[in-house]
Each structure stands twice: as C-alpha cells, then as structure tokens.
Amino acid sequence: MPPAVTRSTALLTDHYELTMLQAALRSGTAHRRSVFELFPRRLPEGRRYGVVAGVGRALDALEQFTFDASTLAALEDVVDAPTLDWLASYRFSGDVWGYGEGETYFPFSPLLVVESTFAEAVLLETLLLSIYNHDSAVASAASRMTLVAGDRPCIEMGSRRTHEEAAVAAARAAYVAGFAASSNLAARQRYGVPTTGTSAHSFTLLHDTEADAFRAQVDSLGRDTTLLVDTYDVTEAVRLAVEVAGPGLGAVRLDSGDLAVLATRVRAQLDALGATKTRIIVTSDLDEHAIAALAAAPVDGYGVGTELVTGSGHPTCGFVYKLVARESADGDLESVAKKSVDKVSVGGRKYALRRRTPSGVAEAEVVGIGHRPVDDGDDRALLVPLVRSGEVVGRESLEAARERHLRSRGELPVAIQQMSRGEPVIPTVHE
C-alpha cells in the first residue's frame, strides 16, 4: 500500500533539525527565546542586486507545518518518544518579520527575522531556505530580463526544463519580477498567474501542409492567434500565415536561427503584406544577455524558458539561516554569531532600511544591529510584519508584490541596467 497522502510540510526538512530538537529538549535549552535570521552573505557572482520571492509560498508552508499521525509515524525511528510527543502539538507561535515579496536585496540584508523559541524556530530552517533560495533565484534572473526587455512583454515557458513543482514556483516568481504571463496551468490555478500558449512544431508536422496547420489553428483560436513560422521555410510560412489569417493576424513566433536578422526580415515582409500590426514573438534559449542584444530588433515579445527557471546561471541565492541572538542566563537576549573566516555571520537582531537621496535614489542598505537605524527623512523601512504570535498577517496579492518590485527596482542607481559583471550597486552598512 502506498503511504497516506498528507498536506503537512513538516517533512520537507533535514534530519538534523529533528536531532537538534531532541538534544535541546533533553538538555533543557529548547525553549530559550531565540532570534534566527535568513540572509545572503553575498550576491551571486557578478550580480548587482537580488530580488526576494517566495514570501507568500513560505507563509502557506508555515501554516501547514504540523505533525499529523502519518508524519509522526515516519519519524518513529528518527527521534525519541518525548520528542514525538512534543512534535504532536507543534504550532509555530512566534513572530516573523521580513522583506516584502518583490523587494530588492543586497549582501547581509536580513530577509527574514524569526523570533520564537529555539525549538519552534530551528525546525523551519530547511523549509524556509528551500523556498527562498529557489524562488529568489528565479525572480532575480527574471528581473534582469524584464529590465532589459523594457516595455516588451516576457512570457515564462520553462516548465519542461525543471522539476514539475519547481516549475509552478518558478512561474509565480517570474510573475512577481515582471513577467507578463506563463505557460504553466498549475501556476494559473494556484496563484492566478496569467497563462498563454498556442502551438508547437508538432502541430504543424501533424498536418499534410503548413497551410492546413495554420488554417486549423486560426479556425480554432481566431485570427489574433500566434502562428509558429519556422518549421520549414520562414519566408514561405509568413506568406501563408497572412494568406490564411489575413492582415489582422495577431503574431508570428520565431524559435530558431539568428533571431535579430530573422525578425528584421519578417518585419519587412509582414509590413509589405499589409500585416503592419502583426507582432513578432521570439523564443529559443533566451537569457537577459540575448534579450539585451535584441533591443534594436523589431521584436514585440520574448518567451523565456531554461535560463529563467535555472536562475540564468545562478540556480540558488546562497541564503543561510542562522541563530543571531538567544536568551541568556539572566533572561536577556544576547548576540551570538558564527566566527568562521569565510562564513561570517553578524550577531544580533537586525533592522533594515534603504537609505535614499532626497531625489529618491537608493544609496545604501543600512542594517541596524539591535536597534532601528535613524531615518533621515528620505529613507525607507524594509522589514514588514509577516507573522504575529503564530498568525499570518503579511499575506498579500501577487499584484502587490509586482508593484513593490517595480518601485524597489526603480529607485536603484542606473548601473543596474548594465548586464556585465559588477559589484552590488549600493553598499551594505551595519550600524
């Protein structure tokens, strides 16, 4: 018999989270007040800024982090009976502050601040990191792509290039960072991400002639559809597309070859055929650099797959989750930090703001250690309440996250428009 299906997220974790819990319960330290922080020590090499995504998914996962009977049964040979008894009534009851979804970030930005007991908070490490590292990697790549695309829409279409569940999360993260739509229907059903799509080469190959394929698609989807024109000969396909759909054809798609050259030729041909409003959509292993290279080409939109869902060379953000403060013997919170030379952590509960010039341009990421940095009047606070006394208070719509991203990216220095490798566009200052 297959195991019973459970919606609990409690086993989306590492073995040592549970063994730490068991040892802490036994030593009497499990219930010490503690502060954990999720943060990046650095940006992925060459990146000038990052984008936070996965916040909403993390809040959903936190609410589902409970140990039901089937979950506890799976742990019977992992931890002892007293630990199982404690887990049976587990519900996170602490507070969580964090950067809002869509916010930009920099080295040592305190993206999440989790305040609770050690026992409650330590169990969340792997779950939170897995969501934030994946979704933020995709959103960071997506942001660079939409930045260089300008007002030309980008469509996420990378589902077939990654794990089926990662594909759904990637579609959501890309939408947060400005993508207009996705091909993934699960993302539409779960999160309301707009979806789009028409046909692949197989549909053309199915029919006896390319004209038959175009006619079948137009009859089914209307003249505003997008016809794929590079199965055989592009010039002939464009001629047939306009012949079948008329000058009101919605768009043609190019999926191979030298896209800049082809787009220029196709634009001239469409205009000569009277299809002056027919758009040209390009696909084929695009990334932010390829999109930037097409800026001068007569392209109206981009379909992006593999490079997007794999973070365009950086499939993880390198976020870590560290204990930065804990209750001392006298009941006060004291700072703690790892001292490794190449894995530095900064102890203490953090607060953060984006320091800005009077004209609203960001000039520093200011992180206060144990206190709120002084706002000079032009600054912007970054941490928002996400969970209060165990109850989610920070859930918001994807549209709100998209708007936050545009505002946050828009206040960064113009150097973010450079796709070449470089240092973060603003420094991180600890106070």
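**Ground rules.** I number residues from 1 along each chain as its sequence is written. In this predicted model, local features need pLDDT of at least 70, side-chain atom pairs count only at pLDDT 80 or more, and totals for chains, interfaces and linings use all residues, while side-chain values use heavy atoms, with hydrogens and water left out.

**Cavities.** I looked for cavities (sets of points on a 1 Å grid over the protein atoms alone where a 1.4 Å probe fits but cannot get out). I found 2 of 30 Å³ or more, a volume being the space filled by probe spheres set on the points, with grid points joined across faces, edges and corners.

**The largest one.** I then asked which residues line it (an atom within 4 Å of a point): among them are Val96, Leu112 and Tyr132. Helix H2 (55-63) gives the most, with 4 residues. Helix H6 (125-149) and strand E17 (383-388) each supply at least two; helices (H or I, at least four residues) and strands (E, at least two) are DSSP runs, numbered from the N terminus. By class, I count 10 nonpolar residues, no polar and no charged.

For the classes, Ala, Val, Leu, Ile, Met, Phe, Trp, Tyr, Cys and Pro are nonpolar, Asp, Glu, Lys and Arg charged, and the others, Gly among them, polar.

How values were computed: 1 Å grid on protein atoms, 1.4 Å probe; cavity = no way out; pocket = protein on both sides within 12 Å on 5 of 7 lines; lining within 4 Å.
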